Structure formats: structure tokens, C-alpha cells
Amino acid sequence: MKTELCSFSGFKIYPGHGKLFVRGDSKTFRFVSSKCESYFHQRLNPRKISWTTLYRRMHRKGITEESAKKRTRRAVKAQRAIVGASLELIRAKRNQTTEVRAAARAEAIKAAKAKKEEANKNKVKAPKAAQQPKASKQQLKGAAPKVKATSR
């Protein structure tokens, strides 16, 4: 036994029941009752009529089994080692107190300053270039010098 679906309400239409409507463009519509047919011809939207299957689907009515199925999986955070630091080293650094961290930072800054000072001492001071008379960019490019006023 083949059952059809109502084009408006979505209900099952059993053999020998309902009406068949063929539109001008040869598209067929099946209706379970004259009520469905009437609403269809009035161009009412089945999604806005509460007793239709489309409305119930859209507003999630009568779905009790699916509520148990919708469980989200929580991501399990796993701690992994980073290149250049083992997992034990990372854990040890995380468990350090702020005082220990501050002391280590101060020690590192002191070491960096000492290294920089040592590098500055090792630099040989280059003698300054021979003093040249001051000249503007224009003079360096070869422009004629300004003529000085002779009236005074």
C-alpha cells in the first residue's frame, strides 16, 4: 500500500483519500483534506499554522528522543613538552614562586648588563675623521657659493 504526503500539512494520504490538484505548469499537489486545499489556495504559509508537520518541525515540537542524544564532548587538555623544554622543566617553572622568578629575572638583567659593558670596553675607539670645514649639501654637490654682500 503506497501512501502519499499532503503538500500542505505533511500528513500521510492513504489510497482512496484526498484530492489531487494540478497547477498550470503541470506541478501536482496532493491534499489530505479540503481544509488543506483551501489554505493552500489562500496562499497561507504552512510554517505559520500550528497543526502542520512543517510548523512542528520548525518549532521543534514532539522531539523527545533527540534531547538525550545532544551531548557535547569536552576537549581534554593534555600537557605536552615544547621544543627545547621538557615537560618536567615546564612544570617546575609553573610551580615557582614569584620571588624566585623575580630574583632570576634580576640576575639575568645583571648578567646582560655586564656582558654589554664588557663588549663596550673591548671596542677600540676609532679616531674621528679629520676635521673638515662645514659645508651645506648644496656646496657638497658642487653648487656655486653664495656671494657675500659688499655694500657694508
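Trainee: Where is Arg-43 placed among the elements of the protein?
Mentor: Helices (H or I, at least four residues) and strands (E, at least two) are DSSP runs, numbered from the N terminus. In those terms, the place of Arg-43 is the loop between α1 and α2.

Trainee: From which number are the residues along each chain counted?
Mentor: This is a predicted model, in which local features need pLDDT of at least 70, side-chain atom pairs count only at pLDDT 80 or more, and totals for chains, interfaces and linings use all residues. Side-chain values use heavy atoms, with hydrogens and water left out, and residues are numbered along each chain, as its sequence is written, from 1.

Trainee: Is Arg-43 buried or exposed?
Mentor: Relative accessible area decides this: buried means under 20%, exposed over 50%, and partly exposed in between (1.4 Å probe, protein chains only). The value for Arg-43 is 77%. Arg-43 is therefore exposed.

Trainee: Which loop holds Arg-60, and what is the phi of that residue?
Mentor: Arg-60 sits in the loop between α2 and α3 (65-69). At 65% relative accessibility, Arg-60 counts as exposed. Although Arg-60 is not a glycine, its phi is positive, at about 50 degrees.

Trainee: In what order do the elements of the protein run from the N terminus on?
Mentor: The protein has 6 helices and 4 strands. Written from the N terminus on, the order is β-β-β-β-α-α-α-α-α-α.

Trainee: What share of the residues in the protein is buried?
Mentor: The protein has 152 residues. Cys-6 is one of the buried residues, with a relative accessible area of 5%, and Cys-36 is another, at 1%. Buried residues make up a share of 9%.

Trainee: How many disulfides does the structure hold?
Mentor: A disulfide is a covalent bond between the sulfur atoms of two cysteines. Here a pair of cysteine sulfur atoms is counted as one if they lie within 2.5 Å. The cysteine sulfur closest to that of Cys-6 is in Cys-36, 3.9 Å away, so the two are too far apart for a bond. The number of disulfides in the structure is 0.

Trainee: What is the volume of the largest pocket?
Mentor: On a 1 Å grid over the protein atoms alone, a pocket is an open set of points with protein on both sides within 12 Å along at least five of seven lines, whereas a cavity is a set where a 1.4 Å probe fits but cannot get out; lining residues have an atom within 4 Å of a point. Points are joined across faces, edges and corners, and the volume is the space filled by probe spheres set on the points. For the largest pocket this comes to about 210 Å³.

Trainee: How many residues in the lining of the largest pocket are nonpolar?
Mentor: The lining consists of Ser-7, Phe-8, Phe-21, Arg-23, Phe-40, His-41, Arg-43, Leu-44 and Pro-46. Ala, Val, Leu, Ile, Met, Phe, Trp, Tyr, Cys and Pro count as nonpolar, Asp, Glu, Lys and Arg as charged, and the others, Gly among them, as polar. The lining has 2 polar and 2 charged residues, and the nonpolar ones number 5.

Trainee: How far is Phe-21 from Glu-37 in space, C-alpha to C-alpha?
Mentor: Phe-21 belongs to strand β3 (residues 19-22), while Glu-37 belongs to helix α1. The two residues are 16 apart in sequence, and the distance in space is 8.6 Å.

Trainee: With which side chain does the side chain of Glu-37 make a polar contact?
Mentor: A polar contact is a pair of N or O atoms within 3.5 Å; within protein, one must be able to donate a hydrogen and the other to accept it, and residues adjacent in sequence count only if both atoms are side-chain atoms. Glu-37 counts as buried, at 15% relative accessibility. At 3.2 Å, the partner of its side chain is that of Lys-19.

Trainee: Leaving aside neighbours within four places in sequence, which residues are in contact with Thr-52?
Mentor: Thr-52 lies in the loop between α1 (34-41) and α2 (53-58), and at 0% relative accessibility it counts as buried. A polar atom of its side chain is 3.3 Å from the backbone nitrogen of Tyr-55. Contact means heavy atoms within 4.5 Å. With those neighbours set aside, the residues touching Thr-52 are Phe-8, Ser-9 and Pro-46.
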